[in-house]
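Let's go through this structure together, one feature at a time.

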Amino acid sequence: MSPEREEMLCKPNLSLFPNATIVDGRFFWGFQCQDGWYDLLNNALSLASAWCDIADCEQVTVLEVKEKFGGLRIHYQGGDDYVKGVFNFAETMSVNICAICGTRVGNRRMHYHHPRCDAHYEE
Ligand SMILES: [Zn+2]
């Protein structure tokens, strides 16, 4: 994740990332995926964070975010069924989104190891 987007994911959702640090003046946590899934992560984290603020559920702590078997993986502690649903949905959506640029990827790419659009397929 680029430093700019890393901060844009961390800063508004610091309650989810208690071990975020400042690197070169920006919030840094350590997302192990590329920028193509930024929108997906931004929406999922915003929903989970907002839910934790109003619901009576255990505080969510995100432990690891990475690409595995061609899909987004969000490992976390806490939360409830709502948070689980939000993160499951983001993970499911990710297999049809190029992990590099965010372009929609057709079903024909699903059996490959990484979701990539035609432009980024060779990378
Ligand atoms: Zn792409």
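**Reading the fold**

Q: How many helices and strands does the protein chain have?
A: Helices here are DSSP runs of H or I with at least four residues, strands are DSSP runs of E with at least two, and both are numbered from the N terminus. By that count the protein chain has three helices and four strands. Before we go on, this is a predicted model: local features need pLDDT of at least 70, side-chain atom pairs count only at pLDDT 80 or more, and totals for chains, interfaces and linings use all residues. Residues are numbered from 1 along each chain as its sequence is written.

Q: In what order do the elements run from the N terminus on?
A: They go α-β-β-α-β-β-α along the protein chain.

Q: And what does the radius of gyration say about the protein chain?
A: The radius of gyration is taken over C-alpha atoms, and the globule rule to hold it against is 2.2 Å times the number of residues to the power 0.38. For this protein chain the radius of gyration is 15 Å, close to the 14 Å that the rule gives for 123 residues, so the chain is as compact as a globular protein of that length. Along the principal axes, its C-alpha atoms fill a box of roughly 40 × 35 × 15 Å.

Q: Which residues of H2 and H3 meet?
A: Two residues are in contact if their C-beta atoms, placed from the backbone, lie within 7 Å. From H2 come Leu40, Leu41, Ala44, Leu47, Ala48 and Trp51, and they meet Tyr82, Val83, Val86, Phe87, Ala90, Met93 and Ser94 of H3. Sorted by class, the contact has twelve nonpolar residues, one polar and no charged ones. Nonpolar covers Ala, Val, Leu, Ile, Met, Phe, Trp, Tyr, Cys and Pro, charged covers Asp, Glu, Lys and Arg, and the others, Gly among them, are polar.

Q: Is Leu45 buried or exposed?
A: You count other C-beta atoms, placed from the backbone, within 10 Å of the residue's own: 20 or more is buried, 12 or fewer is exposed, and in between is partly exposed. Leu45 sits in helix H2, and it counts as buried because it has 23 C-beta neighbours inside 10 Å. Not counting residues up to four places away in sequence, Leu45 touches Leu9, Asn13 and Leu16. Asn43 also lies in helix H2, but with 14 such neighbours it counts as partly exposed. Over the protein chain, 30% of the 123 residues count as buried.

Q: Where is Phe17, and what does it contact?
A: Phe17 is in the loop between helix H1 (3-10) and S1. Phe17 counts as buried, with 23 C-beta neighbours inside 10 Å. Leaving aside neighbours within four places in sequence, Phe17 is in contact with Cys10, Trp29 and Val62.

Q: How many bridges join strands S3 and S4?
A: Strands pair if DSSP finds at least two bridges between them. Eight bridges join S3 (residues 58-68) to S4 (residues 71-79), and the two run antiparallel. Val62 stands opposite Tyr76 in S4, and Lys68 has Gly71 as its bridge partner. In a regular strand the side chains alternate between the two faces of the sheet.

Q: What lies in the turn between S3 and S4?
A: S3 and S4 form a hairpin with two residues between them. Phe69, in that turn, has a positive phi of about 50° although it is not a glycine. Phe69 counts as exposed, with 8 C-beta neighbours inside 10 Å.

Q: Which loop holds Asp24, and what is its phi?
A: Asp24 is in the loop between strand S1 (21-23) and strand S2 (26-28). Its phi is near 50°, a positive value in a residue other than glycine. Asp24 is exposed, with 7 other C-beta atoms within 10 Å.
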